[in-house]
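This report looks at the space inside one protein model and at the ligand placed there. Please look over the sequence and the structure before reading on.

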Amino acid sequence: MNIPSNHPRAKSLYIRELLVTGFRNGLVAPEGLIAYGRGEAFDYLLGEHTTEVARDAAKAASSTLLLAKYPVISINGNVAALCAKEIVELSHVTGAAIEVNLFYRTTEREIAIEKELKKNKAKFVLGMGSNASVRIPELQSERRRVDPNGIYKADTVLVPLEDGDRAEALVNMGKTVITIDLNPLSRTPKVAHLTIVDNIIRAIPEMIVAAKQLKGKNASVMKNIVEQFDNKVNLVESLKNIQGGGRV
Ligand code: PTJ
């Protein structure tokens, strides 16, 4: 669809188009369109921009990935449709592996998502087909199937647009869990160690900028950023921004 660039809601309509195209190309589950509707409502309340606290969270998230021994980024259909290129760049800058992990898992969607990631220069993609051979304890959904060389062995996992169950199960496995979720009231942001309350389409580029600035710096600089970060405080501040119409 041709969206006039001077349309007052052009950016928002453009994001919708990415998801609809992703759905038509077999990346996004039909339920993913509904899930975005919830996210979009929070983004509207947030003022559709990256707040200062979200920027702080993105900096802490990039520090955490750079400090990790084996970081992995978990990809679902919505993430692939919205920011495959940026995810691949973040993985290159931070050294994180990429794993496909779907709630509504089908072989066709796995393949379509892998193709999209490789088109955007991903060197390899974990979690495909029978490679997702181990199970996360406590979980019943398809998300429990993970790659022994990926999420299962990771010390740090970035799980954007996630459901609370798996985030909690990963925390219980002793992993450091980072999420991106526009809804600070959702369970995932509360159980994760670190949450960026922002649209993933803006959050991943923020993380890339932060990672590029921090890479090569002394580990103590990044450790300090992570220690200063308080997830609970950040969520409360994000909620205040939403209540204030996103002007903060
Ligand atoms: O591709 P699959 O099969 O793995 O399915 C993916 C979806 C997203 C359909 C699945 O994970 C799902 O149902 O997710 P939920 O439980 O609806 O949670 C999605 C969360 O992400 C909600 O809290 C939304 O507010 C939030 N969200 C949606 N879009 C964005 C977002 N947060 C940040 N950026 C977005 N663009």
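The sections below cover the model, the ligand, the pockets and the cavity.

## About the model

This is a predicted model, in which local features need pLDDT of at least 70 and side-chain atom pairs count only at pLDDT 80 or more, while totals for chains, interfaces and linings use all residues. Residues are numbered from 1 along each chain as its sequence is written, and side-chain values use heavy atoms, with hydrogens and water left out.

## Residues around the ligand

The ligand is surrounded by 22 residues (a residue is near a molecule if one of its heavy atoms lies within 4 Å of it). Gly77, Phe103, Tyr104, Arg109 and Arg143 are the closest. By class, this shell has nine nonpolar, six polar and seven charged residues. Here Ala, Val, Leu, Ile, Met, Phe, Trp, Tyr, Cys and Pro count as nonpolar, Asp, Glu, Lys and Arg as charged, and the others, Gly among them, as polar.

Two elements give two or more residues to the shell: helix H2 (30-46) and helix H4 (77-94). H2 gives the most, with six residues. Helices are DSSP runs of H or I with at least four residues, numbered from the N terminus.

## Polar contacts and burial

For Asn199, a polar side-chain atom lies 2.9 Å from a nitrogen atom of the ligand. A polar contact is a pair of N or O atoms within 3.5 Å.

Taken alone, the ligand exposes 740 Å², and the protein buries 94% of that (areas come from the Shrake-Rupley method with a 1.4 Å probe).

## The largest pocket

The ligand takes up the space of the largest pocket (a molecule sits in a pocket if more than half of its atoms lie within 2 Å of its grid points). A pocket is an open set of points on a 1 Å grid over the protein atoms alone, with protein on both sides within 12 Å along at least five of seven lines, and its lining residues have an atom within 4 Å of a point.

This pocket has a volume of about 700 Å³, where a volume is the space filled by probe spheres set on the points. Of its 30 lining residues, Ala35, Arg38, Asn78, Leu161 and Glu162 are the closest to its centre. H2 gives the most to the lining, with seven residues.

## The second largest pocket

The second largest pocket holds about 250 Å³ of space. Its lining has 18 residues, and Leu18, Ala80, Ala81, Leu82 and Glu116 lie nearest its centre. The largest share, seven residues, comes from H4.

## The cavity

How many cavities of 30 Å³ or more does the structure hold? There is one (a cavity is a set of points where a 1.4 Å probe fits but cannot get out). The residues that line the largest cavity are Ser74, Ile75, Asn76, Asn101, Arg143, Pro160, Glu162 and Arg166.

How values were computed:
Polar contact = N/O pair within 3.5 Å; in protein donor to acceptor, adjacent residues only side chain to side chain.
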